[in-house]
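Here is a short report on rings, sheets and cores in one protein model. Keep the sequence and the 3D view at hand as you read.

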Amino acid sequence: MMLTEDIMYNALLEKDTSFEGQFFVAVKTTGIFCRPSCTARKPKKENVEFFDTSKECMMNGYRPCLVCKPLENLLELPPQIKDVLQQLSDNPFEKIKDEDLKAKGIEPSRLRRWFLKQHGITFQAYQRMLRLNTAAKQIQNGESVTSSAFGAGFDSLSGFAHSFKNTFGVSPKNGKDHKIVNLKQFNTAIGMMIACAVDEGICLLEFTERKNLHEEMEALATNLKATIIQSDNKHFDQLEKELKEYFAGTRKIFEVPLVTTGTAFQNEVWSALRDIPYAETRSYKQQALALNKPNSVRAVANANGMNRIAIIIPCHRVIGTGGTLTGYAGGLWRKNIYWNLNRKRSMEPFNVLPYDGEAIYYGRILSQQDASNYYEILLNTIEWKNDEAIIFGKKIITKRKVAWYAEKVFEYKYSGITKTALLWTPELLELKNIAEQHTRETYNSCLLNLYHDGTEGMAWHSDAEKDLKKHGAIGSLSLGAERKFSFKHKHTKEVASTVLEHGSLLVMKGTCQENWLHRLPNKKG
């Protein structure tokens, strides 16, 4: 069914979530634009105009509505469609017909429209593709062609073989060794994206309107010697979850595994992109210098442009030498919006943990100059000693050095070793006061850790010694090189991470130590 102005306006009046992502409505009298399900007071029909994308709205001078926030959490799945997708996920071989949809209270034409918008194919075509892909994976896992074909709902082996070869380019009997790349379209806070994945991880993430996207996907298929088909993959849920957290400001680094298919030089450039801290920028020249290739600025820029995994490999963090937001395949309008959001969120404290505790990251609480000054002073004045611990009855001495200071001389038992505190130095007392001002917590001691380089770290553990106050606050003020800091839930095994910046503060409190382990992983290189 073709979307007319009458249909779109009625959807707006009814706050119909099934139209989410299919159009945006702009209000001439207020200068704002909204999503179809906006709950704000409805304008008269003569005062609105309709656009296909948020980009068109903004290019025509409209700003996003503060009520429905059309640039955030865009296109949350309507519950009924979510139920249908879950039903197919649980049983990919099930055939859901129009009568079944109507019995669920879903109008088949609306579902077809939603699938065409989201996936570029009808719901029935989506089901056929899902069944065929599931059958292909069964064959790869050793099941017979016959059982896979009839299990997928095909009436004959010849019909299955024909569909299989048309899709994958090989016959079913040769399908065991043929690689499949799964593809999915989904919406993010800054627009519709396409993701591709293999068993090892995500291999493509691009905005759907990227120029030459078709050629890029053909190159990916050629490099992997695979066929790209629209189907599910175990990494997609994690990808969407992490992107949602990233745009909500509660995640700064990604855990989802990646598969990059570039040359050795391109992979080196892409790895360097991931080293650029959240909410910071680098020029192409700075990136070339970081790679020890000062004369390869143009080559670095070209490799940057060949990145196939947007956002996670953050090519958007590279700007012009003069600080201008230079070319971005996702569109400069999107890069500008993205950066405004990230700059704001980078200054706001947030909880790194998704549940069962608090690990509040305050970001940088010291200027870079002050942080560097304190670093030099502490490095040269603290009474550093190699750390000792009793592990399985054996005394271990680490390369990492430690020191312990407090408001009075008292003892503290840690890893089987009794430590005696020294009195605060003037600089430590200053840092204590700064941390207390930011967190409104009180700290009575400081355990300093000196890591000489990225090869030194700390294994999974929790700070739950009986000498510590239950649910008390433990602050971690970082000085020096940036390091990844990770948490792992003791029961669900979910992992959450952030990057500790030079001069930044992380505070663990509440039930954090009861429910989560934490570590400072070694950094290669």
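Arg 483 lies over the face of Tyr 451, at 5.7 Å from the ring centre. A charge counts as sitting over a ring if NZ of Lys or CZ of Arg is within 6 Å of the ring centre and within 35 degrees of the ring normal. The model is predicted: local features need pLDDT of at least 70, side-chain atom pairs count only at pLDDT 80 or more, and totals for chains, interfaces and linings use all residues. Residues are numbered from 1 along each chain as its sequence is written, and side-chain values use heavy atoms, with hydrogens and water left out.

**Aromatic pairs**

How many aromatic pairs does a search of the whole structure find? There are five. Rings of Phe, Tyr and Trp (its six-membered ring) pair if their centres lie within 6.5 Å; planes under 30 degrees apart are stacked, over 60 edge-to-face, and the rest tilted. The table shows two of the pairs found.

| Pair | Centre to centre | Angle between planes | Type |
|---|---|---|---|
| Tyr 246 and Phe 254 | 4.8 Å | 45° | tilted |
| Phe 485 and Phe 487 | 5.3 Å | 70° | edge-to-face |

Buried means under 20% relative accessible area, exposed over 50%, and partly exposed in between (1.4 Å probe, protein chains only). Tyr 246 is buried because its relative accessibility is 1%. Phe 254, at 10%, is buried too. In the other pair, Phe 485 is buried at 8%, and Phe 487 is buried at 0%.

**A first sheet**

Strands (E, at least two residues) and helices (H or I, at least four) are DSSP runs, numbered from the N terminus. Two strands pair if DSSP finds at least two bridges between them. Inside the order, β12 (residues 358-364) and β23 (residues 504-509) are joined by six bridges. Tyr 361 has Leu 506 in β23 as its bridge partner.

**Another sheet**

Another open sheet of four strands has the order β19-β24-β21-β22, again with antiparallel pairing. Its edge strands are β19 (458-461) and β22 (495-500), each pairing on one side only. From one strand to the next, the twist averages 15°. Four bridges pair β21 (residues 483-489) with β24 (residues 516-520). His 489 stands opposite Trp 516 in β24.

**Cores**

A nonpolar core is a set of buried Ala, Val, Leu, Ile, Met, Phe, Trp, Tyr and Cys residues joined through side-chain atoms within 4.5 Å. The largest has 33 residues. Leu 205, Leu 239, Leu 243 and Ile 311 have the most contacts inside it. Elements giving two or more residues include β6 (191-198), β7 (201-207) and α12. Which element gives the most? α10 does, with five residues. Apart from this core lies another, of 20 residues, among them Tyr 362 and Leu 450.

Gln 287 sits in helix α12 (residues 284-290). Gln 287 is buried, at 4% relative accessibility. Beyond its neighbours within four places in sequence, its contacts (heavy atoms within 4.5 Å) include Ala 272, Leu 273 and Val 318.

Key:
Axes fitted to C-alpha atoms, helices over the stretch in contact; angles between N-to-C directions.
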